[in-house]
Amino acid sequence: MSLRVGVQLHPQHTGIAELRTAWREADALGVDSLWTWDHFLPHTGDPAGRHYECWSLLSAMAVETQRATIGPLVSCTAFRNPDLLADMARTVDQLSGGRLVLGLGAGWFEAEHIEYGLPFPGPAGRMDAFAASVTAVKERLAKLNPGPAGPLPLLIGGAGRRRTLELVAREADWWNWYGWASEDPVADFRELSGVLDQWCERVGRDPGQVARTVMVNPDQLPLVEGFAEAGAVHVVLSLPAPYDLRKAEELLKVRAALTS
């Protein structure tokens with residue numbers, strides 16, 4: 001597969017006008033995917049700073065962009081009833097003309113759970129609830145009328161070697177990893193991808209059925225070629241405000257060089 005690239009726009013410390021301009025301009029540049037995150041509070045900078053809700057933004061992104069896939073990277077299943085989340089995803093997919101990728105995760109940011117009155121169990125409890133939610137989302141998607149307008153691939157984000165990667169092997173179409181704290185991100189990605197291969201073999205699934213994706217910070221752009229060599233087929237640039245789309249242009253140049 002040729003390398004595909006995308007941009008995640010942080011919905012914190014910014015304004016609605018800036019977000020709308022950024023996703024329209026990034027789509028026009030020719031990125032393959034556009035993303036935002038699913039949090040209720042800023043998780044860097046001023047904790048009382050401006051912040052916007054994920055799925056409301058995705059609804060607007062769906063009708064204001066034309067070609068890139070869109071999605072949450074990732075949506076916390078603890079925040080919403082899974083049947084409702086499936087219905088929301090199906091509706092946004094319809095609004096986008098079939099361009100949604102449904103990214104899901106178990107959640108990690110305790111402060112926002114407390115602020116919004118949501119339970120925050122320990123790691124085992126969160127993974128139990130996450131696995132159950134993934135099943136419920138898929139079951140509800142199969143029942144909705146109309147169904148999704150496009151393929152609506154399921155992405156699971158995370159690096160847990162035992163439970164997360166096993167769930168990826170069983171349920172996901174895409175896997176995403178974000179090595180912002182890693183000393184050797186490419187090596188760690190390659191190793192975890194190998195663990196995912198092992199899980200796929202254990203559950204009787206072809207490892208090639210799970211697309212490997214990775215998210216990078218702007219200062220990690222020099223690592224993109226290494227990630228591609230390690231098996232990543234999609235690289236997403238995590239971009240804070242103010243949105244310097246020259247970084248997206250750099251990523252597009254890397255894609256062009258690797259696919260020429």
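Me: Where does glutamine 8 lie, and why is glutamine 8 called buried or exposed?
Reply: In this predicted model, glutamine 8 belongs to strand β1, residues 4-9. Its relative accessibility is 1%, and buried means under 20%, so glutamine 8 counts as buried.

Me: What makes the link between serine 238 and glutamine 8 a polar contact?
Reply: The two side chains come to 2.7 Å, and the cut-off for a pair of N or O atoms is within 3.5 Å; therefore the pair qualifies as a polar contact. A polar atom of the glutamine 8 side chain also lies 2.9 Å from the backbone oxygen of leucine 73.

Me: Which residues is glutamine 8 in contact with, leaving aside neighbours within four places in sequence?
Reply: Among them are Trp35, Trp37, Leu73, Met215 and Ser238. Contact means heavy atoms within 4.5 Å.

Me: How do you know whether serine 238 is buried or exposed?
Reply: Serine 238, in strand β9 (residues 234-239), has a relative accessibility of 2%. That is under 20%, so serine 238 is buried. Its contacts beyond four places in sequence include Gln8, His10 and Tyr178.

Me: Why does glutamate 171 count as partly exposed?
Reply: Glutamate 171 has 21% relative accessibility. Buried needs under 20% and exposed needs over 50%, so a value of 21% falls in between and glutamate 171 is partly exposed. Glutamate 171 is in helix α6, residues 163-171.

Me: What does the side chain of glutamate 171 make a polar contact with?
Reply: The partner is the side chain of lysine 138, at 2.9 Å. The limit is within 3.5 Å, so the label polar contact applies. Lys138 is also listed among the contacts of glutamate 171, along with Val134, Thr135, Leu154 and Arg205.

Me: Which residues of α6 are buried, and what covers them?
Reply: Thr164, Leu165, Leu167, Val168 and Ala169 are buried in α6. Their cover includes α5, β6 (154-157), β7 and α7 (185-203).

Me: Which element gives the most to the lining of the largest pocket?
Reply: α5 does, with four residues. The largest pocket holds about 1000 Å³ of space. Of its 37 lining residues, the closest to the centre are Val74, Trp108, Gly158, Tyr178 and Trp180. The lining divides into 17 nonpolar, 16 polar and four charged residues.

Me: What is the peptide bond from leucine 73 to valine 74 called?
Reply: That bond is cis, with omega near -5 degrees. Valine 74 sits in the loop between β3 (69-72) and β4 (75-76). The bond from asparagine 145 to proline 146 is also cis, with omega near 0 degrees, and proline 146 is in the loop between α5 and β6.

Me: Why is leucine 152 called buried, while histidine 13 is called partly exposed?
Reply: Leucine 152 has a relative accessible area of 9%, which is under 20%, so leucine 152 is buried. Histidine 13 has 31%, between the cut-offs of 20% and 50%, so histidine 13 counts as partly exposed. Phi is positive in both of these residues: near 45 degrees for leucine 152 and near 55 degrees for histidine 13.

Methods: Residues are numbered from 1 along each chain as its sequence is written. This is a predicted model: local features need pLDDT of at least 70, side-chain atom pairs count only at pLDDT 80 or more; totals for chains, interfaces and linings use all residues. Side-chain values use heavy atoms; hydrogens and water are left out. Helices (H or I, at least four residues) and strands (E, at least two) are DSSP runs, numbered from the N terminus. Buried means under 20% relative accessible area, exposed over 50%, partly exposed in between (1.4 Å probe, protein chains only). A polar contact is a pair of N or O atoms within 3.5 Å; within protein, one must be able to donate a hydrogen and the other to accept it, and residues adjacent in sequence count only if both atoms are side-chain atoms. On a 1 Å grid over the protein atoms alone, a cavity is a set of points where a 1.4 Å probe fits but cannot get out, and a pocket is an open set with protein on both sides within 12 Å along at least five of seven lines; lining residues have an atom within 4 Å of a point. Grid points are joined across faces, edges and corners, and a volume is the space filled by probe spheres set on the points. Ala, Val, Leu, Ile, Met, Phe, Trp, Tyr, Cys and Pro count as nonpolar, Asp, Glu, Lys and Arg as charged, and the others, Gly among them, as polar.
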